[in-house]
Amino acid sequence: MTTIATSSSSAGSEHAGLFGVLAEFDGPQSLVDAAANIRTAGYRRWDCYTPFPIHGLDKVMAIPRSILPMVVAGAAASGAIGALALAWFCNAYDYPMIFSGKPYWGLPAHTAVAFPALVLSGVVTSFMCVFVFCALPRFHHPLFEMPQFRRVTDDGFFLAIEATDPCFSPVNTAELLRSLGAVSVELVKD
Amino acid sequence: MTLAVNEVSVPVDFDNTGEDIIHPPVLMTGEASYKRVTTLVSRIIEAPKAPAIWYPCFFLSAGLAGLLFALIGYEVFTGVGVWGNNSPQGWGFPIINFVFWVGIAHAGTLISAILLLFRQKWRTGINRFAEATTVFAVVCAGIFPGIHVGRPWFAYWLAPYPNIMGDWPNFYSPLLWDALAVGTYTTVSVLFWYLGMIPDLATLRDRATTRFRHTVFGILSMGWRGSARHWKIYDRALLVIAGLATCLVMGVSSTVSTDFAVSQIPGWHETIFPPLFTVGAIFSGFATILFLAYPVRAIFGLKSLITDRHLDNVAKITLFMASIVFYIYLIEFFTAYYSGSTMERYVYLNWMFGPYWWAAWAMLVFNGVIPQVLWFKKARKTWWIAAPVGLFCLAGMWCERFVIIISSITHDFLPSSWHHFVPTWVDYGMLAGSFGLFFTLFLLFCRFVPVVAMYEVKSILPQSHVHLPKAAGEKK
């Protein structure tokens, strides 16, 4: 008994071998309504899976704002400053040379260098951020084992609650999802 | 025309070009279901064979692309003397082709990025293949400066790297800006294109019937599973990239124009060049879409997704851009006259009545006059008028680059340095070959990659619009 008591304190091992429960809904509207209820019910570790981004679903799910734009702004600024510094180092410091009587280092002309560097570092950073923040690529996921989940990229609208959620219970959670109008509710093995 | 009640599916050949201030326009004709969007696009890739017309088109294009690479080999082994380039005309066809292809490259980013920023829903039907034209046109563009340097194995000299001579590139040089701008543009357009494609690649993964397809699309789609938390980050990233890419479009074409505008040559030394090149780039890109969209949707049966309304909008933007381009031409002539500078006036007269008169007149007629037929709805709706207009615009834009590059510098200040430019068969071969390369890549793209952004089309279908529950509404 003691072992069970200790292990239940660390969430997840209570439902060992279980990823969670997967519910399918018949369209964007019923999914959004269900998501609102799941959130009100106090669940924390859950997610919706849709073929396209549903406008407003993030608000319903209370997904926090992404820090991505901030990271990108930082990267873009460093890119621009780096390019200006490079131009200064090359043409004004390490090997000063006069081109057409212009100053060694001049902001107007070097803007043409700084700008692409700004865009390049900004775009490459946003691209990388998608994968870092989404923890992708991840080629295997317990949900991929569910045959109906293949429709998530076609016309399937899913909601999955993970077993690690403190409120999770294989019976009650499934029941709740069924009561919210899910067309199918199934347990997902880990 | 007011049959825009969104819950009702309209016939496939429904005319959705009408204006209706109450109902949002119908952007997918036929049965507007998610399943049908997936099927319409995926079946092109999943079909065991391409449509019959694809094969002759592909082999013709691939032959021309082969010609391009053969000529590049010939040029590299023989030297730049195989071109018609001479002194003072050191740029010739390679740079004309470069500027021309860079211009075409811009519409893809523009359609995707600017229309995304402005939340224009109709972009979803055409953005994917517009972005594809961007990537392929940049590939074509990038080849020419690479071989034009004469000894392409030294092209890395453009990069600032510590070398045994202890010197560095000149950061005041527009040619360095050019390399940086085009390199950035290539990277950005590829990343934007690929990132936008990930959910659609996941669709193909999930529909795969063979192990091979499942593996290939599985790797390419990065394990995408449509999570709402991922969509949020993904959306944000695409928006940020769109914002940066929009500025980049302006930046790259302006930078290309400084190759000319920063010099002292009459006909090049003009402050109007950055906007002219930007508008010209957007114009030629939209003309490309106008020209390509009709065959693409006819061959691959995508009339429901690339509807008449999409093409009507593309035609209208082409017309708008053509009008700005034409206006700038007129302003250039006026400025030359008004400047009172003998050389400036002479250059423009020489454009129109000198040895290359045909190029200047073609530029004015093809870019300025012919697109004006797009004012008529009948012309915009008739494929055999609209598509050839797109082709004329492309020819006109190529002539514009010819006029700027060839006509101006072959007759500059000193008559003693005047020299006529005559292209050689290698020049013509490479021009044709670059079209071959473009179409080879484009045809491969149509066959093996989703031509229409499925997830984006699904997101604008009427049933995708949800009403937020009260609890969530109160929160914000």
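Author: In what follows, helices (H or I, at least four residues) and strands (E, at least two) are DSSP runs, numbered from the N terminus. The model discussed here is predicted.

Reader: Which peptide bond of chain B is cis, with omega near 10°?

Author: The loop to look at in chain B is the one between α2 (54-78) and α3 (92-117), where B:Pro88 has its place. The bond that is cis, with omega near 10°, runs from B:Ser87 to B:Pro88.

Reader: What is the value of phi, roughly, at A:Ala62?

Author: A:Ala62 is found in chain A, in the loop between α3 (57-60) and α4. Its phi is positive although the residue is not glycine, and the value is near 55°.

Reader: How much area do chain B and chain A bury between them?

Author: The contact involves 67 residues of chain B and 74 residues of chain A. On the side of chain B, B:Tyr172, B:Arg225 and B:Arg229 supply 14% of the area buried against chain A, more than any other three residues. Of the area that the two chains bury between them, 71% is on carbon and sulfur atoms, and the total is about 6,300 Å².

Reader: How many residues of the side of chain B that touches chain A are nonpolar?

Author: Several helices of chain B each supply at least two residues of this side, among them α1 (34-46), α5 (174-207) and α7 (228-261). When the residues of the side that touches chain A are divided by kind, 12 are charged, 18 are polar, and the nonpolar ones number 37.

Reader: How far apart are the closest N and O atoms of B:Lys35 and A:Asp154?

Author: Side chains of opposite charge can pair when their charged atoms come close. Across the interface of chain B and chain A the rule finds 3 salt bridges, and the one between B:Lys35 and A:Asp154 has its closest N and O atoms separated by 2.6 Å.

Reader: Which side chain of chain B meets that of A:Asp47 in a salt bridge?

Author: The search of the whole structure gives 16 salt bridges over all chains. A:Asp47 lies in strand β2 (residues 46-49) of chain A and its partner in helix α7 of chain B, so the pair joins two chains. The distance from N to O is 3.8 Å, and the partner is B:Arg229.

Notes
Residues numbered from 1 in each chain as written. Chains lettered and ligands numbered in written order. Predicted model: local features only at pLDDT ≥ 70, side-chain atom pairs only at ≥ 80, totals over all residues. Heavy atoms only, no water. Contact = heavy atoms within 4.5 Å. Buried area = accessible area lost by both parts, 1.4 Å probe. Salt bridge = Lys/Arg side-chain N within 4 Å of Asp/Glu carboxyl O. Nonpolar A, V, L, I, M, F, W, Y, C, P; charged D, E, K, R; others polar.
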